[in-house]
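The exercises below ask the reader to work through one protein chain.

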Amino acid sequence: MYNDIKKTFAELVGIDSPSLQERSMAEHIKKIFARIGIDLMEDDSATVTGSDTGNLYAYVPGTLPGKPILLAAHMDTVMPAHGKQAIFYADGTVTSDGTTVLGADDLAAVTAIYEAVKYLKANRIPHRNLELLFTTGEELYCKGAKAFDCASLKSTVAYVPDLSAEIGAAAYAAPTILSFQAKIKGVAAHAGFQPGAGINAIAAAANAIAALSQGRIDEETTANIGMISGGDGINIVSPECIVKGEIRSLRHEKALQVLEQYRCQFEQSAEAAGAALAWETNVDIQAYETGLESEAVKNYRKAAEKAGVKAALQKTFGGSDNNVFAQYGIEGLVIASAMHKSHTCEEYTNVHEIETVAQILIGLLS
């Protein structure tokens, strides 16, 4: 399996697939699965997501009892992602050339899923009914998964290889992520001749920011103001300021509570300055928690042990397509997928680790 993984992974990495430009990747994935007798169907989600392709889905009948298992991975990679190439080392490590990301997030997962299913079919190993889903735009708050008809899925359990951690780790809980924009409208005036005639929107925003807690609010909640812009010139009292940020919490209700505190503070600071506030928010993804005694967890522990690794269940502050599946009653885990230093040009993987992930998936299905 080692050499097959090298070949498959190198081919995938060599295809450019930044978010919403996954067409070439989708065509290649359809082609390799067709070689093993699986036809991946493309949905019409592109009309919603803005991608140049849809999500890919297949139902693979098995002979073992039990409801289907969903395996999912995303086809897109973060930038810089044009001209990627996989450089292999003797110990199995794989990197890019340092000018792009490698794309192990999430192409290591696509590789592991493909090689696991290929192994089962080639060796005629009995397996559970299986659903495969390869999504677009996951790096953009799960655009593809949210546009997919998840209500049509037959699976009650999902495994999503999309976690940067030691092999064997699996996330059973992930946060709600809320994004917000505070637009403060002030009044412009000449800063030299008539400073008192203006209302400085930047100053109002600064007062709100200074009064708000940021960073780790508590052990299950974070808040961050990440962008601020405004002003028409250094000699003009700023008539507008836009502040953008996000709230994350492992409890959806807590995220909403902190978001409301933020809104109230911006509103109070704007009113105190005589300015006006336009407030926008979006629920990017919603929190879930899969029970540690669930079928998903119990089966994962067994499969990890069979593959020679220890299952390590943990919570994560990162989102994934599993957040979407969970809203449809599917119990899922986001499992370590042999990606490290993701979202950087120092990203790397290891062929031996991808092989172990494939072995875990084989155990889950068989």
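**Exercise 1. Determine how the length of helix α7 compares with its expected span, and identify its buried residues and what they pack against.**

Step 1. Helix α7 comprises residues 252-273, 22 residues in total, and runs 32 Å from its first C-alpha to its last. Helices (H or I, at least four residues) and strands (E, at least two) are DSSP runs, numbered from the N terminus. The span is close to the 32 Å expected at 1.5 Å a residue, where the expected span is 1.5 Å times one less than the number of residues.

Step 2. The model is a predicted one, in which local features need pLDDT of at least 70, side-chain atom pairs count only at pLDDT 80 or more, and totals for chains, interfaces and linings use all residues. Residues are numbered from 1 along each chain as its sequence is written, and side-chain values use heavy atoms, with hydrogens and water left out.

Step 3. The buried residues of α7 are H252, K254, A255, V258, L259, Y262, Q265, F266, S269 and A270. Buried means under 20% relative accessible area, exposed over 50%, and partly exposed in between (1.4 Å probe, protein chains only).

Step 4. These buried residues of α7 pack against β9 (176-185), α6 (201-211), β11 (215-218), β12 (221-230), β14 (240-249) and β15 (276-285). Just after α7, G274 has a positive phi of about 80°.

**Exercise 2. Locate the cis peptide bonds at P80 and D106, and the positive phi values of A338 and K341.**

Step 1. A cis peptide bond with omega of about 0° joins M79 and P80. P80 is in the loop between β3 (69-74) and β4 (87-88).

Step 2. Another cis peptide bond, with omega about 20°, joins D105 and D106. D106 has its place in helix α4 (residues 104-122).

Step 3. A338, a residue other than glycine, has a positive phi near 70°. A338 sits in the loop between β18 (331-336) and β19 (348-350), and is buried, with a relative accessible area of 0%.

Step 4. K341, also other than glycine, has a positive phi near 50°. K341 is found in the loop between β18 and β19; with a relative accessible area of 48%, K341 is partly exposed.

**Exercise 3. Describe the largest pocket and the largest cavity.**

Step 1. On a 1 Å grid over the protein atoms alone, a cavity is a set of points where a 1.4 Å probe fits but cannot get out, and a pocket is an open set with protein on both sides within 12 Å along at least five of seven lines; lining residues have an atom within 4 Å of a point. Grid points are joined across faces, edges and corners, and a volume is the space filled by probe spheres set on the points.

Step 2. The largest pocket has a volume of about 530 Å³. Its lining has 25 residues, of which E138, E139, G318, G319 and H343 lie nearest its centre.

Step 3. The largest cavity holds about 30 Å³ of space, and V60, V117, L120, K121, H127, L130 and L365 line it. Helix α4 gives the most to this lining, with 3 residues.

Notes: Contact = heavy atoms within 4.5 Å.
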